[in-house]
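Here is a friendly set of questions and answers for someone meeting this structure for the first time.

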Amino acid sequence: MTLETTACLSAYMVLAYLGGAFAALLPLRSGLTRALTAGGAIAGAGAGIALAARVLIAGEPFALTVPALLTVGGGVALRLDGLGAFFLLLIGVVAAPAALYGVGYSAAYAGRYSLRWLGAMLNLFLLTMSLVVLADNVLTFLLTWEAMSLASYFLVMTEHERPDTVAAGGWYLAMTHVGLALILVAFVLLSPAGGGGGFADLRAAAATLSPALRGVVFVLAVLGFGSKAGLVPLHVWLPRAHPAAPSHVSALMSGVMVKLGVYGILRVALDLLGVGPAWWGALLIGLGAASALVGVLYALTEDDLKRLLAYSSVENVGLVFIGVGAGLLFASLGEPAAATLALAAALYHALNHGVFKALLFLGAGAVAHATGSRDMNRLGGLIGRLPWTAACFLVGALAIGGLPPFNGFVSEWLLFQSLLPAIGSGAPLVAPVMTLAVGALALTAGLAAAAFVKAFGITFLALPRSDEARAAHEAPVTMRVAMVVLAALCALLGLGAAFVLPVLGGLLAGHAGLPRVAPALTAGPLLLPPGGGASMSPSLLAIGLLLALAGAWLAVRVGAARGLRVGDTWGCGRIGQTARMEYTSTAYAEPLRRVFAELYRPTEDLTIDVHPESRYFVQSRTYRSEIVPWFERYVYAPLVRWVAAGAAHTRAIQSGSAHAYLAYLVVALLALLAISLAWSASL
Amino acid sequence: MTGWAIEIAQAALVLALAPGLVGVVRWLKARLQSRRGAPPWQPYYELRKLFGKDVIVSSNASWLFRLAPYVVFASTAAAACLVPSLAVTRPLDAVGDLLVLVYLLLLGTVFLSLAGLDPGSAFGGMGSSREMTVAALAEPTVALAIFALALSAGSTNLGQIVGRTLADPAAALSPGHLLAFAALFVVMLAETGRLPVDNPATHLELTMIHEAMVLEYSGRYLALIEWAAALKLLVFFALLGNLFVPWGVAAVAAPAPLALALGSLLLKLAVIAVVVAVLETRVAKLRLFRVPELLSVSFVLALLAVTSSFLGR
Amino acid sequence: MLFSKIFRTGLVTEPLAGDDAAISVARELSARARRLLGRAVAIREVDAGSCNGCELEISGLTGPVYDSERFGIHFVASPRHADLLLVTGPVTRNMEVPLRKTWEATPEPKLVVAVGDCARTCGVFRGGYGVVGSVDRVVPVDVFVDGCPPEPAEILRGILTAVERGGRR
């Protein structure tokens with residue numbers, strides 16, 4: 001009975017998404033197309049959530065094989081275990097509000113860009129993402145992974161009339177295929193010779209591989225999946241592609257798709273390869289810490305709201321990888337309880353990030369929809385004009401800044417607690433690595449809070465800095481509802497941590513290096529990391545904060561004078577106040593820009609125009625300052641130049657002469673014959 | 001039941017004591033400036049006066065401006081309730097540890113920074129930007145100092161840290177503890193806006209960090225913010241006193257140990273107040289862009305603290 | 001070395017001397033101000049075009065000899081924080097609006113003490129083209145302190161009179 005229900009649910013999910021995709025392609029009115037797109041996506045997401053919840057609660061995986069669908073490589077094999085179910089839940093939880101949001105948001109595209117194509121691709125994107133976590137053999141995985149990449153590419157290219165969108169699409173396509181190549185090689189190396197490509201076979205064969213080969217597979221998997229996740233140095237596509245896509249797509253890509261990179265690494269390292277040496281975990285911690293710092297430092301100096309959010313995704317993925325690395329490290333050092341906590345913290349942060357990053361992207365989209373601009377230096381004063389958006393964005397900003405009692409704080413606290421036992425462990429080099437990781441984590445947390453105070457404060461507070469901001473209006477109902485749902489989730493995931501943590505511990509139990517039965521991670525409303533005495537309760541904290549707030553308010557109401565008058569902002573008696581007197585986004589980040597000038601290396605360009613009569617009368621000054629991201633300038637630009645130079649040389653082959661081409665054919669044929677003869681001779 | 005009674009007494013004590021602590025520091029500085037100065041209980045008069053004044057709110061400010069003082073006060077009060085001022089074992093000990101305390105204070109800082117941006121004045125923006133810079137750069141030091149303490153105590157739980165040093169007095173003089181104390185002392189100066197990071201009595205807006213954000217507040221809102229700032233000072237002093245020199249903190253909930261705890265707390269607060277007052281008289285304010293250098297010194301101290309805690313186990 | 005000098009100097013604060021001859025109360029002080037501001041007064045100083053002679057005397061108020069802080073008086077950075085405005089100078093045309101705005105930015109209950117001959121009669125600048133007039137043409141003044149410049153003790157007595165501490169005339 002259980003199996004049939006889960007099979008039905010998975011069928012509903014696939015059919016809902018496919019139905020949504022086909023319905024979107026029908027030639028209907030734009031309003032109906034948008035509604036059908038969202039309907040299919042929400043139905044699919046709902047089925048996905050139900051399926052994931054079933055597997056998580058029941059605790060037993062569900063498997064389905066359809067060999068007839070594809071005869072090569074074992075056909076389509078699907079299996080949902082606890083790990084996959086968690087990511088399926090994340091997909092559903094973010095997809096439903098994002099799809100609802102799309103109804104109102106994509107109305108602006110009507111007549112200019114194809115709504116039908118957008119709707120179809122959105123549903124296909126969600127379908128392929130869900131199938132990636134369901135895949136149980138190499139072929140299914142790779143097919144769905146590539147389909148997901150292509151669907152997201154088309155979604156990124158929605159606004160294809162803008163030049164930076166086309167460039168962003170190019171970067172994205174190139175990097176995702178580099179990642180695919182690496183993943184392909186990793187799986188090929190992992191597959192047993194002559195055996196099937198099913199994950200069960202891979203798991204069994206991995207134990208027999210040499211440590212060197214396992215190491216190579218691990219590194220390839222890290223690079224391949226890391227490029228999808230946005231791990232430094234393969235993150236450069238993220239700040240280009242995520243802002244270029246429509247906002248609900250950005251929410252899905254940043255919130256969910258990058259987590260599938262995390263899923264890939266967990267599947268390969270934790271599930272397929274099993275316990276590895278300590279350097280695996282250390283490598284992930286190092287890359288994670290670097291990503292976290294690079295992401296947040298570049299997010300701080302961004303003026304484009306969506307690029308700021310994209311860099312912040314790089315940062316949070318780095319934090320997740322710090323947790324994953326710590327978990328792998330503890331597993332290899334033989335401390336299963338600590339490993340469970342670290343991995344649970346990482347998964348929790350992945351979920352939380354999905355929710356609050358989606359919320360922030362939807363908010364940024366509402367702002368862009370209302371004002372036509374993403375440049376924070378042209379925004380401001382929106383808290384009165386977009387009250388719902390502002391309130392939801394504030395919740396998202398507080399959550400991502402890691403402030404109690406929201407969900408971001410809970411997962412960061414858990415990450416800190418998971419790193420603590422490592423500093424005390426006896427293994428060499430672990431303590432210094434972990435100490436630096438803790439320092440990086442804390443610096444990231446502080447800088448992230450600063451970046452989001454800037455993002456919220458400059459965008460929503462004070463006076464509007466441009467006419468577009470002055471004329472802004474609140475988002476339509478569908479967009480507002482989506483944002484409120486996600487904001488409520490942020491609060492619930494924080495307050496309900498005592499419910500979420502045992503589920504995470506349960507789904508991790510049984511994997512290599514982890515205990516068979518999950519250690520108790522909570523006690524009533526308290527979160528109890530194992531092996532220490534520390535504990536925390538976000539729900540009780542929230543109650544305490546609310547009591548303190550209410551108490552203060554009541555005491556003031558009773559005991560203090562009540563007179564209130566509205567006046568001008570105090571400006572030392574100056575006459576009048578304009579938006580030019582406010583702090584700008586660039587100015588806000590300036591102290592930190594100076595502190596980290598060695599990393600940013602900003603360029604400055606000052607042009608002064610003087611009156612032709614005398615050089616003492618200045619007519620105008622133009623100041624321009626730029627930060628070129630380090631990786632683009634020093635790593636990718638040379639690489640791209642190299643490849644372009646190589647391609648220019650190779651182009652000589654295309655001479656246009658038919659004789660030359662015939663000669664190539666003959667030579668190639670002879671070479672192939674020679675190679676196959678030599679190979680069959682050696683067998 | 002007695003546990004909760006102690007919690008409530010502790011909370012009331014810190015709320016009541018905080019303005020007095022600020023007054024004591026000011027009085028000491030006045031005496032060091034060869035003048036009589038206001039009595040140490042002057043801040044209570046000031047708070048009473050502020051609660052009786054009207055409020056003027058800027059026409060550009062939003063609901064955030066009016067909400068922020070309450071959030072700042074509530075979060076700082078919540079952090080103050082988590083500090084083990086009188087007793088080692090308390091019911092609230094399990095609700096939050098040292099990390100939670102630090103992040104509650106950060107919550108207050110964030111809301112105050114947002115409120116500085118709200119009225120749209122340049123001063124508020126400047127104060128907000130500088131405050132977030134200093135807070136962000138102080139975070140790694142705090143985290144590492146906490147970890148240095150947690151290494152020897154076994155966890156970040158406040159009661160456990162206090163209990164560990166009570167049980168093993170020699171640990172108080174270990175290099176890890178001393179270095180962590182030095183690092184946290186510098187962070188305290190930065191977070192509470194004391195010289196050499198920020199002059200609490202300055203009128204020069206271009207040199208302000210904390211003051212610049214509250215230039216727009218008046219009446220009861222200003223009173224709440226001033227009280228919260230005093231509470232923050234008390235929290236840091238109490239942490240420096242009770243975590244590193246915990247003798248006096250009551251291990252059992254009986255009247256005599258609690259009275260002793262109260263006396264020792266007041267003594268420790270007085271000693272630290274003297275040190276801070278003397279320091280503030282001695283040093284001049286640092287240029288804003290020298291503050292990150294000071295904070296990196298404290299970061300190195302905290303790093304050394306963790307290393308020596310680790311080596312010394 | 002600094003601290004040895006501090007300890008050698010000791011306390012130099014002098015008891016408040018002088019009489020109320022230079023002080024005149026211009027308006028009936030509000031009951032609310034009297035009730036609220038007795039023990040803690042926050043002052044915002046406004047220079048409405050003065051020659052800075054009065055400012056030099058006012059800057060002596062916070063020094064060790066006159067020590068205004070012992071009476072609960074302290075100077076603040078923003079009129080929003082202030083209860084009392086200390087205004088000097090004949091009000092020049094350029095400072096008329098800022099002075100008015102400063103007064104409007106101060107929350108109730110508030111007081112104004114005008115310091116110096118210029119503040120009451122424009123002093124030597126009377127009739128000048130850049131001068132608007134006495135301070136009470138721009139904001140309502142509670143207490144005038146005469147002198148050119150008045151001594152710090154007289155200024156202090158003026159402030160205390162305004163908050164009903166030094167006795168009233």
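Q: Which residues touch the most other members of the largest nonpolar core?
A: In this predicted model, they are A:F87, A:F187, A:F456 and B:F237, within a core of 344 residues. Helix α13 (residues 336-371) of chain A gives the most to this core, namely 23 residues.

Q: What residues does the second, separate core include?
A: This second core has 26 residues, among them C:L37, C:I73, C:I155 and C:I159. As background, nonpolar side chains in soluble globular proteins tend to be buried together.

Q: Why is A:H649 called exposed?
A: The relative accessible area of A:H649 is 65%. Exposed means over 50%, so A:H649 counts as exposed. A:H649 sits in helix α25 (residues 630-650) of chain A, and its C-alpha atom is 34 Å from that of A:E626, a residue 23 places away along the chain.

Q: Is A:R601 buried, exposed or partly exposed, and how do you know?
A: Its relative accessibility is 42%. Buried means under 20% and exposed means over 50%, with partly exposed in between, so A:R601 counts as partly exposed. A:R601 lies in the loop between α24 (597-600) and β6 (603-610) of chain A. Although A:R601 is not a glycine, its phi is positive, at about 45 degrees.

Q: Is C:D67 buried or exposed, and what makes it so?
A: C:D67 has a relative accessibility of 0%. The cut-off for buried is under 20%, so C:D67 counts as buried. C:D67 is found in the loop between α3 and β3 of chain C, and its phi is positive too, near 40 degrees, in a residue other than glycine.

Q: Which residues of helix α3 of chain C are buried, and what covers them?
A: In this helix (residues 53-61), the buried ones are C:G53, C:C54, C:E55, C:I58 and C:L61. Their cover includes β2 (41-47), β3 (73-75), β4 (84-88), β6 (111-115) and α6 (152-162) of chain C.

Q: What makes the peptide bond from B:L195 to B:P196 cis?
A: Its omega is near 0 degrees. B:P196 lies in the loop between α7 (175-191) and α8 (210-213) of chain B.

Q: Where is C:P149, and what is omega for the bond joining C:C148 and C:P149?
A: C:P149 is in the loop between β8 (143-145) and α6 of chain C. The bond is cis, with omega about -10 degrees.

Q: Why is chain B called as compact as a globular protein of its length?
A: Chain B has 11 helices and 1 strand. Its radius of gyration is 19 Å, close to the 20 Å that the globule rule gives for 313 residues, so chain B is as compact as a globular protein of that length. Its C-alpha atoms fill a box of roughly 55 × 45 × 45 Å along the principal axes.

Q: How many of the residues in chain B are buried?
A: Buried residues make up 66% of the 313.

Terms used:
Residues are numbered from 1 along each chain as its sequence is written. Chains are lettered from A and ligands numbered from 1 in the order in which they are written. This is a predicted model: local features need pLDDT of at least 70, side-chain atom pairs count only at pLDDT 80 or more; totals for chains, interfaces and linings use all residues. Side-chain values use heavy atoms; hydrogens and water are left out. Helices (H or I, at least four residues) and strands (E, at least two) are DSSP runs, numbered from the N terminus. The radius of gyration is taken over C-alpha atoms; the globule rule is 2.2 Å times the number of residues to the power 0.38. Buried means under 20% relative accessible area, exposed over 50%, partly exposed in between (1.4 Å probe, protein chains only). Contact means heavy atoms within 4.5 Å. A nonpolar core is a set of buried Ala, Val, Leu, Ile, Met, Phe, Trp, Tyr and Cys residues joined through side-chain atoms within 4.5 Å.
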